[in-house]
Amino acid sequence: MQTAEPPQNSQQLMVQSSGSLSFNSNLSKEDEEMSRSALSTFRAKEEEIERKKMEVREKVQAQLGRVEEETKRLATIREELEALADPMRKEVASVRKKIDAVNKELKPLGHTCQKKEKEYKEALEAFNEKNKEKVQLITRLMELVGESERLRMKKLEELMIHAELDSPPITREVLPFEQLAITTVDDNNN
């Protein structure tokens, strides 16, 4: 009767303080490196997106502030020009129309920024939820595997005890070449 050998690569689950999950079973070091590389790439891209988003937001706010100041300043200038009956009045009106057009273009851009930011937060939340679910499933899997191994080992021990009780002790004859080896070792010791 053959007995099953325990698996040599036992599965381990380690939850690190950073909250990341390391599952060490049949994964090679290359797979682990690829996973770490993918995670670091994802984090770097997230940081880059955040940084670019802040830059765009700052630029939009700066432009909005400048446009408002410029609108006020031009309104004041226009009033002064009208009071003087300046011949540049047509050009001032043209510039003012351009400023109004830029203002109209800036409003949808601001709304687009807010919409994209909301979509990003929702996608990140969904990702974190799925990742949490994955960790829970892996933890459950490891519990089931551990319990299965424990039950199988217990059953094997019971079978071995049962096999030892049912069979008479095995004795065998010493073969001539084994006898020669035993006497040679004894002679060398003396």
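Let's start with a pocket. In the second largest pocket, α2 gives the largest share of the lining, seven residues. Helix α2 covers residues 89-166. Keep in mind that this is a predicted model.

Who else contributes? Both α1 and α2 supply at least two residues each to that lining. Helix α1 runs over residues 29-84.

Here is the lining itself. By type, four lining residues are nonpolar, four are polar and three are charged. The space in this second largest pocket is about 200 Å³.

Gln63 and Val102 are 39 residues apart along the chain. Their C-alpha atoms are 9.9 Å apart.

Last, confidence. The protein chain has a mean pLDDT of 78. Of its residues, 71% reach 70 or more. Where is confidence highest, and where is it lowest? The highest is in α2, at a mean of 91. The lowest is in strand β1, residues 12-15, at a mean of 37. Over residues 1-25, pLDDT stays under 50. For that stretch, the model has 29 contacts beyond four places in sequence.

Definitions and conventions:
Residues are numbered from 1 along each chain as its sequence is written. This is a predicted model: local features need pLDDT of at least 70, side-chain atom pairs count only at pLDDT 80 or more; totals for chains, interfaces and linings use all residues. Side-chain values use heavy atoms; hydrogens and water are left out. Helices (H or I, at least four residues) and strands (E, at least two) are DSSP runs, numbered from the N terminus. On a 1 Å grid over the protein atoms alone, a cavity is a set of points where a 1.4 Å probe fits but cannot get out, and a pocket is an open set with protein on both sides within 12 Å along at least five of seven lines; lining residues have an atom within 4 Å of a point. Grid points are joined across faces, edges and corners, and a volume is the space filled by probe spheres set on the points. Ala, Val, Leu, Ile, Met, Phe, Trp, Tyr, Cys and Pro count as nonpolar, Asp, Glu, Lys and Arg as charged, and the others, Gly among them, as polar. pLDDT is the predictor's confidence in each residue, from 0 to 100. Contact means heavy atoms within 4.5 Å.
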